[in-house]
Protein chains: 2
Amino acid sequence: MAEKVTSLQVAERAGVSQSAVSRVFTPGASVSSKTADKVRKAASELGYRPNVLARAMVKGKSRIIGLVVAYLENFFYPETLEKLSNALQEQGYHVLVFMTKQTAQNIDDVMEEILDYQVDGIVMASVAMSSDIASRCQQAGVPIVLFNRSQDIDGITSVTSDNYAGGRKIAQFLVEGEHERIAYIAGWDGASTQRDREAGFRAALQEMGREIFAREEGNFQTETARAAARKMFSAAAEARPDAVFVANDHMAFAVMDVLRHELGLRVPEDVSVVGYDDVPPSSWPSYNLTTMRQRANAMVEETVDALMSHIQSPEEARPRRVAIDGPLVVRGSARVPNEQKKA
Amino acid sequence: MAEKVTSLQVAERAGVSQSAVSRVFTPGASVSSKTADKVRKAASELGYRPNVLARAMVKGKSRIIGLVVAYLENFFYPETLEKLSNALQEQGYHVLVFMTKQTAQNIDDVMEEILDYQVDGIVMASVAMSSDIASRCQQAGVPIVLFNRSQDIDGITSVTSDNYAGGRKIAQFLVEGEHERIAYIAGWDGASTQRDREAGFRAALQEMGREIFAREEGNFQTETARAAARKMFSAAAEARPDAVFVANDHMAFAVMDVLRHELGLRVPEDVSVVGYDDVPPSSWPSYNLTTMRQRANAMVEETVDALMSHIQSPEEARPRRVAIDGPLVVRGSARVPNEQKKA
DNA sequence: TTGAAAGCGCTAACAT
DNA sequence: ATGTTAGCGCTTTCAA
């Protein structure tokens, strides 16, 4: 049960002062190479490494980023978490995870906890936030970025895909594919992603002189999405949609399964399905889902960049609201305009 | 840009000493309710909360658990991470994430970093570890638990499903299902999960006077698994397997897709497929995969329990090697013995 | 019960 | 270039 090795012990063994040891481990400090050598030798003999927490205390920077996340069940998030964590690691930061339920009280509680850890920044993935809390963080000087959510709170940075544009693209694609009865299965309406996707979808439809033929709520959940699909597609052929935009891939899989395995409908022959996210299973042959890609890499890059610039120059950094455009990935789950081929 | 509120400021406002403030926020310390009230009032007016890092320094306990993880692409891990984080949060701990590549050097580096954060414990998910590093942590008094991996290092705690027993069950199930040519698609052989699953599978087969008809390497990766499936099933009907155990679900999906969509084979009529893990897509109707369930909840519970007992009583706590049994979840991807029904 | 004081392991002036 | 000193914000003796 060896004890913790401190810089003082290293100093004694190397025959230098404790601050000399500190300097050796501080990039850009002034130490002679002779001292440095002695110290490094002593340090490695003792197995010494600086205590990050102690350093954090004196510098007032923990190099910890708090990540608040509500659920990992949508496969877009694991992907994101992995990329985010990697990107942050490269900058010398690490991610401290806080799971929370999507209720105001929970979120507020969790935010307090996060702040207790003196994090240098916070990423909220798919979690809404009270403006109270927002200003509390601003006071504490801790930058927040909303990931995959945007909110109309002043001075809050958010990074999303361009959900409005995405909704528009899908509407266009479906109309060009000569669909007659275009439906929508919505996500949870508390989410800006849901609202923006639907708004873009409807707007584009309207511009083309069309409108939504049917709409059900899927709430971003498998079971609810299944129920929505059953309800929407139980009618006779002429009375049911021949195309449906499902607000995310996670629900789209559930919808496709109901269509094919419960209702005996063919996709895309009887009904076209389009999703949103482009998570891994979307490209699996069983689903082969046409979907809007959320560019996780780009979104993570923006997030890290925003965080870093706020940390490095709190005064100059301006809040930003980034909406990243992505391609519509055309696969086989939806009929396409004549000239196109499916992937 | 409000500054950090310290216990000293609270003390001044409440007209008490700084240590009185500390006591109020220390469960089980002796303070009169009069003092406590004054302090709490001042604290909430100022928005004071104790600095966890400072507390960590003096107590030598950070209430941070380091999680080392190699990839989140197997859907078993997001699930695990969510549950683990929640369970730990309930105990007042939080998870600091370290992503790493599966190479010895990387892992060692990451472990050093982790130790720098003075974590109270470490969970390694699907990551192997040198015995060097193991003893380094033991020296530092930091308990480690290997999650979903076991290693023959003395004194190391590991929590897995009972992979050997799982392999056996699958062999039995396949033989009872009257399969003639039973094949295996292996995972990465560096993983104990792969080795144990295969060992149990082979042992049971042998006891029944049978053996593996064909074997390919899938390496736990989608593309490699696809290639394995193509190679294994390109032969004529009599020369190819009529059943295959794929070492995890992630690969099993890829295999099923190749079987159905590339090779035009029916599952389970032409070939039965069984996986391992029971991740969410396994129960989706498109796959409806028969698979061994890994009981994530139980595994997480054991992990947290092991961690807590080592933290609370480092002396008494014994290393444990837990292998949690799980059920074979029978769905539609494999032919079953006559009397059974599929789910 | 309460305050004063020491100290957790480190960094950052300040002097030399 | 290097040592000395003063904290970072807190918990925990030790006296009172």
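Residues are classed by relative accessible area as buried (under 20%), exposed (over 50%) or partly exposed (in between), with a 1.4 Å probe and protein chains only as cover. The structure is a predicted model, in which local features need pLDDT of at least 70, side-chain atom pairs count only at pLDDT 80 or more, and totals for chains, interfaces and linings use all residues. Residues are numbered from 1 along each chain as its sequence is written, chains are lettered from A and ligands numbered from 1 in the order in which they are written, and side-chain values use heavy atoms, with hydrogens and water left out.

DNA strand C is surrounded by 25 residues, of which A:S7, A:S22, A:R55, B:R23 and B:T35 are the closest. Of the atoms of DNA strand C that come within 4 Å of the protein, 60% belong to sugar and phosphate. The side chain of A:R23 places an N or O atom 3.2 Å from a base nitrogen of DNA strand C.

DNA strand D likewise has 25 residues around it, and A:S19, A:R23, A:T35, B:S7 and B:S22 come nearest. Sugar or phosphate contributes 55% of the atoms of DNA strand D within 4 Å of the protein, and bases contribute the rest. A phosphate oxygen of DNA strand D is 2.4 Å from a polar side-chain atom of B:S22. Base oxygens are approached by side-chain N or O atoms of B:Q18, at 3.3 Å, and of B:R23, at 3.5 Å. Two or more residues of the surface near DNA strand D come from each of α2 (18-24) and α4 (52-59) in chain A and α2 (18-24) and α4 (52-59) in chain B; helices (H or I, at least four residues) and strands (E, at least two) are DSSP runs, numbered from the N terminus.

Because A:D278 lies in the loop between β9 (272-277) and β10 (290-293) of chain A and A:R293 in strand β10, the pair ties together parts that are 15 residues apart in sequence. A:D278 is buried at 12% relative accessible area, whereas A:R293 is partly exposed at 32%.

In chain B, B:E223 and B:R226 are joined by a salt bridge with closest N and O atoms 2.7 Å apart. These residues are three apart in helix α10 (residues 222-233), about one helical turn; B:E223 is partly exposed at 49% relative accessibility, and B:R226 is buried at 13%. A network of salt bridges links A:R49, B:E112, B:D116 and B:R136.

Notes:
A residue is near a molecule or strand if one of its heavy atoms lies within 4 Å of it. A polar contact is a pair of N or O atoms within 3.5 Å; within protein, one must be able to donate a hydrogen and the other to accept it, and residues adjacent in sequence count only if both atoms are side-chain atoms. A salt bridge is a side-chain nitrogen of Lys or Arg within 4 Å of a carboxyl oxygen of Asp or Glu.
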